[in-house]
Amino acid sequence: MLWQSTIESVAGPGKGRGNLPAACDEKALQVRELLRTNDMVLVSAVGALLDGAEIGHLVFDQNMSVIEGSIGILPRRILVGEDDIAQARRVLTDAGLAHELRGDD
């Protein structure tokens, strides 16, 4: 199941882990969930792949460890813009991570 939401603004210009392009700061942006995982190494690897492909992304629920007591039971979600979802899926598929992707309904 894909998750969609509207993000009114994103703090910080430029591309990078957890940042979307500066052009998106002033307008609403449709985002979709690319993957969900408890594996922080995978979150880091996917972030690096998306950075390398210059695909803006957000990591949601990254700070939930404060609530869960740092035991890692709450998954982190990586979201990308609607316009970049196909390219992001291709990048992860090419990297051998297709099995980690959320369904594309």
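## The nonpolar core

The largest nonpolar core of the predicted model has 16 residues, and among these L34, V46, L50, I78, V80 and L92 touch the most other members. Strand 2 (29-37), helix 1, strand 4 and helix 3 (85-94) each supply at least two residues of this core. As a general background, nonpolar side chains in soluble globular proteins tend to be buried together.

L34 can be followed through its own contacts, which, when residues up to four places away in sequence are not counted, include L50, I78, L79, V80, I85, A88 and L92. The contacts of L34 also include R89, L101 and R102. One of these partners, R102, returns below as a member of a salt bridge with E33.

The structure holds four salt bridges. In general, side chains of opposite charge can pair when their charged atoms come close.

Another salt bridge links E33 with R102, and here the closest N and O atoms are 3.4 Å apart. Since E33 is located in strand 2 and R102 in the segment after helix 3, the pair ties together parts that are 69 residues apart in sequence. E33 is buried, with a relative accessible area of 0%, while R102, at 23% relative accessibility, counts as partly exposed.

R77 is buried, with a relative accessible area of 14%, and D61, at 26% relative accessibility, counts as partly exposed. Beyond the individual pairs, salt bridges that share partners join E33, R36 and R102 into one network. The side chains of R77 and D61 are also joined by a polar contact of 2.7 Å, and the strand that holds R77, strand 4, spans residues 76-81.

## Two residues in one loop

The loop between helix 1 (40-52) and strand 3 (57-60) contains E54, and G56 has its place in the loop between helix 1 and strand 3 as well. E54 has a positive phi of about 55°, although this residue is not a glycine. E54 is exposed, with a relative accessible area of 57%, which is over the 50% used as the cut-off for that word.

G56, in contrast, counts as buried because its relative accessibility is 1%, under the cut-off of 20%. The C-alpha atom of G56 is separated by 7.2 Å from that of G81, although these two residues are 25 residues apart along the chain.

Methods
Residues are numbered from 1 along each chain as its sequence is written. This is a predicted model: local features need pLDDT of at least 70, side-chain atom pairs count only at pLDDT 80 or more; totals for chains, interfaces and linings use all residues. Side-chain values use heavy atoms; hydrogens and water are left out. Helices (H or I, at least four residues) and strands (E, at least two) are DSSP runs, numbered from the N terminus. Buried means under 20% relative accessible area, exposed over 50%, partly exposed in between (1.4 Å probe, protein chains only). A polar contact is a pair of N or O atoms within 3.5 Å; within protein, one must be able to donate a hydrogen and the other to accept it, and residues adjacent in sequence count only if both atoms are side-chain atoms. A nonpolar core is a set of buried Ala, Val, Leu, Ile, Met, Phe, Trp, Tyr and Cys residues joined through side-chain atoms within 4.5 Å. Contact means heavy atoms within 4.5 Å. A salt bridge is a side-chain nitrogen of Lys or Arg within 4 Å of a carboxyl oxygen of Asp or Glu.
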